[in-house]
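Morning, everyone. Please have the sequence and the 3D view open while I talk.

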Amino acid sequence: MFYVIFDLEWNNAYDYKLGKGMNEIIEIGAVKLDEKLNIVDTFNQLIKPRHSKLSSRFKRLTHISAEEIKENGIPFADAVSDFSRWSGRENSVFMSWSNSDLYVLTDNFKKLLDTRGIDFIKRYADVQKYCQSFLEDNGPNQVGLSRCAEMLDISVDGENLHRALEDCYLAAECFKKVFDQEKFFGFVSDCDVDFFERLVFKPYYLTKGVTEDFNVNEQKLFCPHCKSELRVLKNYESINKSFRTVCECKNCKKKFWAFIRARRTYDGVEVTAKINIMNKKRARAIKS
């Protein structure tokens, strides 16, 4: 078995076919560790972009030039094919620093190769999340790679960060510093098509009150004071990604503004409700 830590550098491009922006991968870097955590091989490949010129931000961060890509870059399909063969496929656990790299890789497979999922990645772990579990007082936010290395007393060469292979070397040092096999495999996920589709799915709020699996008129609302069910007095209106109505509690004799939000997730629709009491002047103007 091998541990493959990969890192991507990507450029903010515009996909003219889809009519929207995308993060197009320009470089793939990876290190392969054996079961004793020795680095036994490395992978590094530049990729020729299909959709856009390199942004100034990308060139400033990575120091990758258009000339370098023209000389050493290959098409995305060829690069990932080489990466797949090099990786060891089913014999490897793949890792990246946060799952954003895996998200971008999956998105590029979908948009550039019209492929659901990544067939050669069978097991995956977020090495950032794993390493952070060993840090004390790190707070709720994700810890960056260089900051994590500093907290683990690992030397950081800032000049070489933001190049894929160099970031992989540093992530590997962090991984080795805190490696516990039993704990680590608790962070490993099996990767099927459902795993990748869930990864790239972007939740969004519904703006239509009635869909195949949601009906705003069927939502039950309750008085925040006596917990009795409220009676809806007006039709719902869509406003600021919410559905708003006026409702009344027969028990308390009070009127309320009710706001319902319906958020589409990969697994279905999540519904939340907020009830605000209406001022007396406005309430008197509304017929029960």
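One caution before we start. This is a predicted model.

Let's begin with the open sheet. It has 6 strands, in the order S3-S2-S1-S4-S5-S6. The pairing is mixed. Which strands stand at the edges? Strand S3, residues 39–46, and strand S6, residues 189–190. Each of these has a single partner strand, so one side of each is left without a neighbour in the sheet.

A quick reminder on pairing. Strands of a sheet pair through backbone hydrogen bonds, and they run either parallel or antiparallel.

Now find strand S4, residues 92–96. How many of the residues of S4 are buried? The count is 5 of the 5, so S4 is largely enclosed by the rest of the structure. Recall that in a regular strand the side chains alternate between the two faces of the sheet. Look at S4 with that in mind. Ser92, Phe94 and Ser96 are on one side, and Val93 and Met95 are on the other. Both faces are covered, and all of these residues are buried.

Who pairs with S4? Strand S1, residues 2–15, runs parallel to S4, and 4 bridges join them. Within that pairing, Tyr3 is opposite Val93, and Val4 is opposite Phe94. Strand S5, residues 123–126, also pairs with S4 in the parallel sense, over 3 bridges. There, Phe94 stands opposite Tyr124. So how does the chain get across?

Helix H4 covers residues 100–112, and helix H9 covers residues 193–200. The two pack at an angle of about 105°, and their axes are 9 Å apart. That makes H4 roughly perpendicular to H9. Which residues make the contact? From H4 come Leu102, Tyr103, Thr106 and Asp107. From H9 come Phe195, Phe196, Leu199 and Val200. Sort the residues of this contact by type and you get 6 nonpolar, 1 polar and 1 charged.

Back to S1 for a moment. Ala13 sits in strand S1. Buried or exposed? Ala13 has a relative accessible area of 9%, so it is buried. Ala13 and Lys53 are 40 residues apart in sequence, yet their C-alpha atoms are 7.5 Å apart in space.

Now turn to strand S12, residues 242–249. Of its 8 residues, 7 are buried, so S12 is largely enclosed by the rest of the structure. S12 pairs in the antiparallel sense with strand S10, residues 231–232, over 2 bridges. In that pair, Val232 stands opposite Cys247. Strand S11, residues 237–239, is antiparallel to S12 too, with 3 bridges. Ile239 has Ser242 of S12 as its bridge partner. S11 and S12 form a hairpin with 2 residues between the strands, and Asn240 there takes a positive phi near 50°.

Then comes strand S13, residues 254–265. S12 and S13 pair in the antiparallel sense over 7 bridges. Glu248 has Lys255 in S13 as its bridge partner. This hairpin has 4 residues between its strands, and Lys253 in the turn has a positive phi of about 65°.

Hold on to Lys255. It has a relative accessible area of 11%, so it is buried. Lys255 and Arg284 are 29 residues apart in sequence, with 9.0 Å from C-alpha to C-alpha.

Last topic: phi. Why mention positive values at all? Because most residues other than glycine have a negative phi. Asp153 is not a glycine, and its phi is positive, about 60°. Asp153 is in the loop between helix H6, residues 145–151, and H7. At 70% relative accessibility, Asp153 counts as exposed. Lys227 is another residue other than glycine with a positive phi, near 70°. Find Lys227 in the loop between strand S9, residues 214–215, and S10. Its relative accessibility is 58%, so Lys227 counts as exposed.

That is my tour. Over to you.

Notes: Residues numbered from 1 in each chain as written. Predicted model: local features only at pLDDT ≥ 70, side-chain atom pairs only at ≥ 80, totals over all residues. Heavy atoms only, no water. Axes fitted to C-alpha atoms, helices over the stretch in contact; angles between N-to-C directions. Parallel < 35°, antiparallel > 145°, perpendicular 65-115°, else oblique. Contact = heavy atoms within 4.5 Å. Nonpolar A, V, L, I, M, F, W, Y, C, P; charged D, E, K, R; others polar. Buried < 20%, exposed > 50% of the residue type's maximum accessible area, 1.4 Å probe, protein only. Pairing = 2+ DSSP bridges.
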